[in-house]
Amino acid sequence: MQTDMHAAQADASAAIAMGSGHASADTAPEPCQFISFTLGDDEYAIDIMAVREIKGWTDTTPLPNQPAHVLGVLNLRGAIVPIMDLRSRFGQGMTETTPMHVVIIVNVGERTFGILVDAVSDILTVEPAEIKGVPDNDRTGSEAYLSGIINADHGMVVVLSLRELFQ
Amino acid sequence: MSSDGSSGSDFERFRVTFFEECNEILADLEVHLTQLQEEALDVEGLNAVFRAAHSIKAGAGAFGFTRLVTFTHSFEALLDKLRDGQIEQSPHIADVLIRGGDILAELVTAAQEEREVAADFTAPILAEIAEVMDEGGGAAAVASAAAAAVGPASAADVEPNGPRSWQITLAPGPDLFKNATEPLLLIRELQGLGDLIVRCNSDALPTLRRMDPELSYLGWVFTLESTCTRQDIQEVFEFVDDTCSIDIEDVTGRTPRATTSQEEEDGFGLFEPLESDSAPEAGMAQAEGGQPAPAPPVGAARAPAAAAAGAPASKPAAASSIRVELNRIDRLVNTVGELVITQAMLSQELGELADYLGRQPIAGQEALAALTRELQECVMAIRMQPVKSVFARMPRLVRDLSGKLGKKINLRMSGEHTEVDKTIIEELADPLTHMIRNSIDHGMEMPADRVAVGKPEEGTIELSAAHVGGNIVISVSDDGAGINRERVLRKAMEKGIVPADAVLSDHEIDELIFAPGFSTADQVTDISGRGVGMDVVRRNIMGIGGRIQVTSHPARGTRFNLLIPLTLAVLDGMIVAVGNQRYILPITSIVESFRPDPTQLRFLDDRTQLVSIRGEFIRIIKLCDLFHVPDAVHDPARGLVVLVEVAGGGKVGIVVDELIGQQQIVIKSLNDNFDPVEGISGATILGNGKVALILDIEQLAIMRADVSSGRLPPDPGPAALVAAE
């Protein structure tokens, strides 16, 4: 159990380090910040350092012959940025988009893309130790993008690794 | 050595500048050496070659590239003798110089890539240089060059040990003091060698008001009576060799010359125009030329610049251009691209607003549009460069190859000053090289064969460039044997590129040389390679949005035409509507558009539809099917067929709902943030701020072929295609 915990924390830290370059596993634990958002009844979080901006949903230009979760591209001040439907990526069907839906523009590695979510809810500041591992009993390879769980006041928040999710 | 006291990044920056300059200098050198091949160079030409070598030497010295310094020194010594007329120009010397130029380029590349060249790499050419100098210039000259060169060719010091008279002319460069050199120490050292008479040459000293106290203006002529060797004297000047012109002459038995030898100092600006009034100006121009660069603690990066600026041909006008990093210009181009899009958006909104208010268009709107357009043109013009830089490499290629193959070929070039975007120029070098190789290897006959068919012994290859509309047309034509259609067709059949029973028109056969994996050379030569020839050329040209055509006449020759857009950043596009989507078709590939009559249409099978126009049968591509666009017009007879040209001169018809309009569009990469999408070459932003995709016609044609060749499941409905991802 102890080992699992360590592995999980390393995972979470890796997710944090992604795209930002701050906090790493061997420095004194600094609080990590996440942006949390909702998708239906579920709450998820991503590393705040990866987030470039948050904007309302606008129509995209579809890209031909792409997986369903690729909603197309939009013009972000001159850059062509693809938008992904996170709900569809999780296999929960397509989001019925309204202007109230939110696109979170993120930088992952060299690339910039947007993820479509229902709403942004909070900024979470947590100690690394508070990020728990995802239980491994039902963990298959395809779920490597779940990098940890935070127990917030209002319930569990799942930390996502965007790199794993859209690699 | 030069990094002392300057920060690493500064040093790196100067280093980059040095190599940029080297490459420009080498290109220039190439031009002159090419000319040398044709005829003896005049003094100006020799000076230019000398300057080129000298500039490289000066910079190389500053950066401590000793191999480069050693070699350029010898090269320069030979040129010096040529300038002096001590050696007559001859084809042999021209050859030595040309090969020397090659070696020089190789050494520069090696230095740039920080790799070592073989220890004996320069030895043969150095030996040759020493030899030709020996023939023409007397033993002293050879000893001078060879000893200074410290090359393997370095002749033994033949001078006897008796007392000799030396005349030493020292003309320091203007940056002498910046390199912390104290001439007095040199003089004292010389004094230590024997009896020394020193004369100071202060002719270049400007008036006090115009003098820059940090530059050196004085030169010296020493007469030394000593038993020392030339080597001993050279050692005294070892550390100032890069920044000063030093001429050591054995004048034993001669009356010491009263004045400095003008010729010896040619190329060092400061003292050269002694008799002219312009001397102070030259000095000042030099100083000014050096100023804009941030002054490095040592003369490092300034050395090449100063050496170049100090050349006799340089005029104050040399400062009329500046060197700018390409990525800064790219940023400017991008920003202006944004501006163009924003202006289009604004214009659209304002137009609607004016309509709504029932008023005249808002003032200034048209002026803004015009200014924006002009700004964009100006910015694009910055990146425009003459194709000369690519063309200049070709004479060498022709000479080398024709020599190797024993063919006689004259290369004629025209339109070298035609300008095209820098990014495109870079992409042109390989295809052009290959096409010319191809012409020489396959097209051109042996001299005897030419005479036999009544052609002049010497073949001609013409390379030309010209602007035609928004494109540049580059053509390579030869007066060789033309494409051997019989052989091409046989090869194509053997290789299974066309069916064995195919009946092809002459033009179609000619086009086969662009087929992947096709090579007609019976033997694989190191000249035309392994049949990755013309198909790669075509791919490269298409990669930059261009097209290539070939026309050939048996026994009269072959002509390749390249039609290339002027820039990669903008494109003349036709906006087409398919359902509620907007796509861009490059105007250059559009032949025509029409609404076919139902009688012109016919299905071959359930997915392949043809349209017949003026006796041609053309395959139809339905974007709505390929891209699964909902609510699009399916029946070509109810929409429009846009006829586009694809590789190989074939055509396909693309079905669209309607044409929206023609527009200059700014090309954006899709691949910065996403994987390549089949059938799409890029994207652009329309006036309404929406993204529109640019169609990749070549891929569309192949996509269709893939589907019909059954690589996908037999019945790929839209759902199945999506699932196949």
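**Notes on the model**

1. Over residues 19-46 of chain B, the chain is 86% helix and 0% strand, with the end C-alpha atoms 23 Å apart; helices (H or I, at least four residues) and strands (E, at least two) are DSSP runs, numbered from the N terminus. An unreviewed UniProt entry annotates residues 19-46 of chain B as "coiled-coil region"; such annotations may be inferred rather than shown by experiment.

2. This is a predicted model, in which local features need pLDDT of at least 70 and side-chain atom pairs count only at pLDDT 80 or more, while totals for chains, interfaces and linings use all residues. Residues are numbered from 1 along each chain as its sequence is written, and chains are lettered from A and ligands numbered from 1 in the order in which they are written.

3. Chain B contains an open sheet of 5 strands with mixed pairing, in the order E6-E8-E9-E11-E10 (two strands pair if DSSP finds at least two bridges between them). Strand E6 (409-414) and strand E10 (547-553) of chain B each have a single partner strand, so one side of each lacks a neighbour in the sheet.

4. Within chain B, strands E9 (residues 471-478) and E11 (residues 557-565) run antiparallel and are joined by 8 bridges. B:Asn471 stands opposite B:Pro565 in E11(B).

5. At the interface, 17 residues of chain A are in contact with 22 residues of chain B (C-beta atoms, placed from the backbone, within 7 Å). Strands E4 (70-76), E5 (79-85) and E7 (111-117) of chain A each supply at least two residues of the side of chain A that touches chain B.

Technical notes: Contact = placed C-beta atoms within 7 Å.
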